[in-house]
Amino acid sequence: MLDTPLTLRCGLTLPNRMAMAPLTNTQSDPDGTLGDEELRWLVRRARGGWGLMSTCAAFVSPRGQAWVGQLGIASDAHLPGLTRLAGALREAGGVPIVQLHHGGAKADQAPIRLSAADGSGVQGATEDDIAAVIADFVAAARRAEDAGFVGVEIHGANGYLFTQFLAPADNPRTDQYGGDLAGRARFLRQTLRAVRAAVQPGFAVGVRLSPVDHWAKRGILLADSAILSGWLAADGADFVHLSLQDAGGPAPLEEGGPPVATAIRQGTPSEVAVLAAGGIWTRVQAQRALDAGADVAVVGRAAIGNPDWPRDSAQPDHAPLRNPFDPEQLRSVDVGSRFLSYIGQFPGMLVGGPTARG
Ligand SMILES: Cc1cc2nc3c(=O)[nH]c(=O)nc-3n(C[C@H](O)[C@H](O)[C@H](O)COP(=O)(O)O)c2cc1C
């Protein structure tokens, strides 16, 4: 099953159902121009046999940039680097998409917050801001297409701009972009429809969602996310990508519920693929995500230490390199210094780094 090809409704065929997750690695230039270390890191993984692979979250406008060294897709000045990247990834056997990102309130500069009345002094998003951000996503998607990528994923997950609108606890708005699920989803849906309309029919357009709460109760409920996924399908998404801790498991804060992928699959027409990421290190875990309802199993941290995971994991005795990773071993698979410093901040990621809690 994991080795079976999958054709998305735009017509793009993935050679198998194992995808590499978007992974921020901060290896590009301060202005977002592709850096050589970012190129090397991704090309090494493009050789690994992934059915689909994503760039890191790439900022669609300078206002949406969240990290120094983040890849940019915000101006035509980024296009030569992106074209070099797409060409190199395809030549190496990759099926590459760009993850389109805006940090919203988590952006580095001039962050956009939803309400100006929160006392933070941070600017609230006006309807003009919203229209401008949609235009930025559209221009970025066109650049991805011009550069030679096979598709884009709109980053609607992990607490960034669209999650800030979707999560009831984070969205105090009383206009058409707040309130009920339809209101909170409006910005994301308008963005998706605008992007879909701006690119060729054969170009894949997907959306990444955080479909459930993990630690904090932000009010994101699985039943709502299943409805939202159906709406995104109606708006033209080729796939909906679930950002989870356990790709095959239930919602951590909703006791007794079904696996998240099962509920989303049920809410989404069959021609739209469901991708699920979270905690996949072995093929058994990947297959469990598929058994729960996902069409594609998405691998994050395991891809850092195991660039050839799709091929290597087929061996019955495969023991993937796991975190805490040895920095020297990561260097040997084209993880550069800046990526090592970035992941070194997170507990449990590197030998000698901060230790994981619990
Ligand atoms: C170093 C690192 C960078 C990440 N960068 C991104 C990103 O740019 N965009 C995104 O949507 N998720 C990002 N994530 C989340 C992963 O895509 C993935 O969902 C998460 O790691 C869970 O999958 P895993 O258990 O297989 O690692 C990142 C995770 C890590 C560890």
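**Figure 1. Two domains of the predicted chain.** The chain is divided into domain 1 (6-311) and domain 2 (323-358), with bounds that come from an automatic or database domain assignment. Residues are numbered from 1 along each chain as its sequence is written. The model is predicted: local features need pLDDT of at least 70 and side-chain atom pairs count only at pLDDT 80 or more, while totals for chains, interfaces and linings use all residues. Taken over C-alpha atoms, the centres of domain 1 and domain 2 are 24 Å apart.

**Figure 2. The contact between domain 1 and domain 2.** Domain 1 contributes twelve residues and domain 2 eleven residues, two residues being in contact if their C-beta atoms, placed from the backbone, lie within 7 Å. On the side of domain 1 that touches domain 2, helix 1 (36-46) and helix 9 (301-305) each supply at least two residues. Helices (H or I, at least four residues) and strands (E, at least two) are DSSP runs, numbered from the N terminus. Helix 1 gives the largest share of this side, four residues. By class, this side of domain 1 has three nonpolar, five polar and four charged residues; Ala, Val, Leu, Ile, Met, Phe, Trp, Tyr, Cys and Pro count as nonpolar, Asp, Glu, Lys and Arg as charged, and the others, Gly among them, as polar.

Figure 3. Eight strands form a closed barrel in the order 3-4-5-6-7-8-9-10, with parallel pairing; two strands pair if DSSP finds at least two bridges between them. From one strand to the next, the twist averages 25 degrees. Strand 4 (residues 52-59) and strand 5 (residues 96-101) run parallel and are joined by five bridges. Ala 58 has Leu 100, in strand 5, as its bridge partner.

**Figure 4. Packing of helix 3 and helix 5.** The axes of helix 3 (residues 127-147) and helix 5 (residues 181-198) come within 9 Å and cross at roughly 35 degrees. Here axes are lines fitted to C-alpha atoms, for helices over the stretch in contact, and angles run from 0 to 180 degrees between N-to-C directions. The contact includes Ile 130 and Phe 137 of helix 3, and Phe 187 and Val 195 of helix 5. Its residues comprise nine nonpolar, two polar and one charged.

**Figure 5. The shell around the ligand.** The ligand is surrounded by 21 residues, of which the closest are Ala 21, Thr 24, Ala 57, Gly 300 and Arg 301; a residue counts as near if its C-beta atom, placed from the backbone, lies within 6 Å. Strand 4 and helix 9 are the elements that give two or more residues to this shell. By class, the shell has eleven nonpolar, eight polar and two charged residues.
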